[in-house]
Structure formats: structure tokens, C-alpha cells
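Please have the picture in view while I talk.

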Amino acid sequence: MKAEALQANKEILRLAIPNLVSNLTVPLLGAIDLAMIGHADDLAAMGAISLGSMIFNFIYWALGFLRMGTCGFTAQAVGLKNEKETLCILFRALFIAFCGSLLLLVFQTPILHAALLWAKPEADLARATASYFQIRIWAAPAALSAFAFAGWFIGRQDAKSPMWVSIGINLANIAFNYGFVFVKGMGAEGVAWGTVCAQYTGLLLNMGFAARSLNRQFRNAGDKALQPKRFSCTALRQGLESVRASDIFQSRPLKKFLNVNTDIFLRTLLTIFVFSFFTAQSTRLGNQYLVLNTLLYQFFIFYSYAMDGFSHAAEALSGKYTGGSRWNEKRAVVKQVFRWGAGTAAVFCACYAAFYTPILRIFTQDSALLEMSREYHFWILAIALTGFPAFLWDGVYAGSLATRSMLVTMALAASGFLAAYCLLVPSLHNHAMWTAMTLFLLLRGGLMTGWAFRSGILPGKNTSGK
């Protein structure tokens, strides 16, 4: 048992640490944009980038299902040692990414109008945001394909490639933004072009890492005489030629791929509903509560990035062991990943307990807000302690391709969130929001825990097969 636990920990950390680094680079893209334009002293451009980035965050959040679905299918194919199917999965995912980006480009005008109607910015800000949006939307093919590549790499137990791609995108973004903003003086439009160029740089990097990975795969399966580290265009070409369009678009696996991604997409929409409701109701409570809740939400964001690193590791390993019917290894991984999750939650709770006010002072010096925030310290600690099972089970379920169960449990948790808020807000006011959010996370974690054992997602020790 100790050997199994040691091996599980080794595999978890091998995937979780690069995933964590990749996750931390996600908010950097928007932060770099704002920092660059902020030093150019262009407040109008800053407003356009803030609003435009928010619109794209919602779009890409909704379409991020492609990473999770691709990872689960790829990991199971790896567990089955079906190398040809892993390549078919990549092409299916890229096909969906192409179709999705095409729809975004075709319907960019109504999407923009709907977003501006919802945000209701002033006329000057609306024009600047529209200009930013109409440039940056052309990065959609590269941005969506990045989800497909990231899921494929992680499913193949390779978390380092997407990490290096994320770092490369951010470095490219800095370079292009500097050129367009400071050298060319293009303002918000320059930032948009910088993001477009950085995303296509990421596409080239993804293609390069994928070619290297496939070359290694086909070389090992073919010419054994080739040197271990030699890149063979012949081996790569022959491997790619072995996969036909009929393999990629075979009706049964393609239908399953679409069904799984549809489940994840609908689940993501429910998640967006919960957090959009959180923001909308905070606005209705008044500007002071909106700002307060936005600041407190940053604690949850930092926490979620750390948990997602372990969730992605659980997804890749759970999928691999499910595909190979290696139930002992799967149980060991799930057990150890929950230990890491509990430990990480405890560390966050300790940090938030000790440095709650100093962390808030990074974002604001407003004494009234800081005084109000003291009433909500408990909720930040409660979320840090109770929220981790929901994140980790997401990874286990996605790797097991139990996406319909993910959708059902999310729907039940979202219903509980909405009911709790509506019942409690007359008496608890803003505390009702944080009570409902804590309940939402508890329901997700609790329902998924119970369903995992009842449905066979985490088989008992006596299970010998699928």
C-alpha cells in the first residue's frame, strides 16, 4: 500500500505542479494588457480593455468544455494503449474548435451588441470596446484550439507542454503589446492586436509540441533503429497518414464525443449562471456591497486556481486508469489527490486566517470597506475548508467521462444555491449570498461523493473489472 501511495503521489505532483503554473498564467494575460495600457496613461483604453476582456472571459469560459472533454477521452485512450485513437481525438477536438470559432466570427456583431446591451457602458466606452472586440475576436481559432491541445496534452499525461505554451503566450503578449502600444502608439487596438498575435504564437507552439509528441509515439511504434531523441519527419508523416477521415468522423465515437462535451457545456452554463447571479445580486444590494463581494471573491479565485491544478491531475490519471481498468491504481490516486486537496485547503485557510486584512489592503485602502470585510472573514475560511471536494471530484468525474452525473449534480447544487439565497436574503442580507455560495460548494462535493461510490465511478476494492 505504501508503494501504491508513493507512486500515486509522484504521478499527482508530476501533473499538478505544471498545471498550477499554467493556471497562474491565465489571469496574467489580462493583467499584462491593463498594465501596459495603464503605463500609457490612457484611461479610456483601460476601460475598453477591462470590459472587452470580461466579454471574452465569459465566451471562453463557456467554451472551455473542450479542454475537459478532450482530456477525459484522451486519458482513457492512453489507458487502453490505443495510440491511433488519441490522434483521432485530437483531430475531433480541433474540428469542434474550428466550428466554434467560425460561429463566433460569423455572429460576432450580435454577440457584441448583446454584451454591450447587458453592460450598458457610456457611448465613448462602447465605441472603444467595440473596436477592441472586433480585433481580438480574430484570435478565436487559436484560443479555442488551445483548449483542445491543452486537454489532449494533459490526457496524454503531459502537463509540461501546456505550461510552456502558456508561458510562451504571455512572453509573446508582452513583446507584441510593447511594440503596438509604446512603439506604434495604437492604444487599446494595439493591445487587441498584441493578444491576437500572442494567441497565434501559442497555436504554433502547440503544433510544435504536438508534432514532437506524435513523432515520439510513431517512432517508438515503427522504426526501432532510430536514435531515441531523433526527430523523424518520415515517422511523423507515416503516422499521420495512418489516420483517415473515416476514423476521425466515425459516427459512434464522434457522437459520444459530442454528447460528453454537450454535458460539460451545459454544466459550465450552470456555473456561469451561479457566478453571474452572484455579481448581479451584489449590484442590487448597492455599489458598496458589489465592491466588497468582488474583493472577497478574489480569495476564492486564488484558491480555485490551486485546486484546479490537482483537479487536472485527477482528471488525467483517473481517465488513464479507467481506460485500462486499473481500479487499484485509480483508488490510490483518488485517495492521495484528496489528501493533497485537504492539505492545500488547510494551508489556504491558515494563510487567509493570518493575512486576511493585509491581502485585502493590496486591493483597497478604503477604511469603510476594510471594516465591513471583517464580518465576512468567516465565510472565506468556510469556503477554503469545505470547497475542495467539489473541485477534485470534477477531475475524477471528467476523467471517468461521467459527464451526465456532473451535469445533474451541478443542476441540483445550483438549485440549492438559488433557493438558499432567496429564502435567506430578507433576514441575512449580503450574508445570504455567502451562505448560498458555501452551500453550493458543499452540495456539489457531497452529491458527487455519494454518487461516486453508488455509480461505480470509484469502484469498491472487490471490483475486478469495468
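Let me begin with a term: a crossing of two helices is called left-handed if the near helix is turned anticlockwise from the far one by less than a right angle, and right-handed if it is turned clockwise. Please keep in mind throughout that what you see is a predicted model.

With that term in hand, which way does H18 pass H19? H18 passes H19 in a right-handed crossing. Helix H18 covers residues 403-428 and helix H19 covers residues 430-455, and the two pack at an angle of about 155 degrees with their axes 8 Å apart. Angles over 145 degrees count as roughly antiparallel, and so H18 is roughly antiparallel to H19. As for what lines this contact, the residues of H18 and H19 that take part divide into 21 nonpolar, six polar and one charged.

Stepping back to the whole chain, the secondary structure comes to 19 helices and zero strands, and of the 466 residues, 53% count as buried. Among contacts with a separation of 6 or more, 82% are between residues 24 or more positions apart.

Now to the cores. The largest nonpolar core has 116 residues, and those with the most contacts inside it are Leu296, Tyr303, Tyr352, Trp393, Trp434 and Phe440. Helix H13, residues 287-323, gives the most to this core, with 14 residues. If we take Leu296 and set aside residues up to four places away in sequence, Leu296 touches Tyr356, Leu360, Tyr376, Ile380 and Trp434. There is also a second, separate core of 17 residues, which includes Leu87, Phe149, Phe153 and Ala210.

Thr403 is placed in helix H18, and because its relative accessibility is 2%, Thr403 counts as buried. Leaving aside neighbours within four places in sequence, Thr403 is in contact with Val260, Asp263 and Ile264.

The other is Thr70, which lies in helix H3, residues 65-79. Is Thr70 buried or exposed? At 0% relative accessibility, Thr70 counts as buried, and, again leaving aside neighbours within four places in sequence, Thr70 is in contact with Ile89, Ala93, Ala148, Gly151, Trp152 and Phe257. Finally, Thr70 and Thr86 are 16 residues apart in sequence, and their C-alpha atoms are 9.5 Å apart in space.

Key. Residues are numbered from 1 along each chain as its sequence is written. This is a predicted model: local features need pLDDT of at least 70, side-chain atom pairs count only at pLDDT 80 or more; totals for chains, interfaces and linings use all residues. Side-chain values use heavy atoms; hydrogens and water are left out. Axes are lines fitted to C-alpha atoms, for helices over the stretch in contact, and angles run from 0 to 180 degrees between N-to-C directions. Helices (H or I, at least four residues) and strands (E, at least two) are DSSP runs, numbered from the N terminus. Angles under 35 degrees count as roughly parallel, over 145 as roughly antiparallel, 65 to 115 as roughly perpendicular and the rest as oblique. Ala, Val, Leu, Ile, Met, Phe, Trp, Tyr, Cys and Pro count as nonpolar, Asp, Glu, Lys and Arg as charged, and the others, Gly among them, as polar. A nonpolar core is a set of buried Ala, Val, Leu, Ile, Met, Phe, Trp, Tyr and Cys residues joined through side-chain atoms within 4.5 Å. Buried means under 20% relative accessible area, exposed over 50%, partly exposed in between (1.4 Å probe, protein chains only). Contact means heavy atoms within 4.5 Å.
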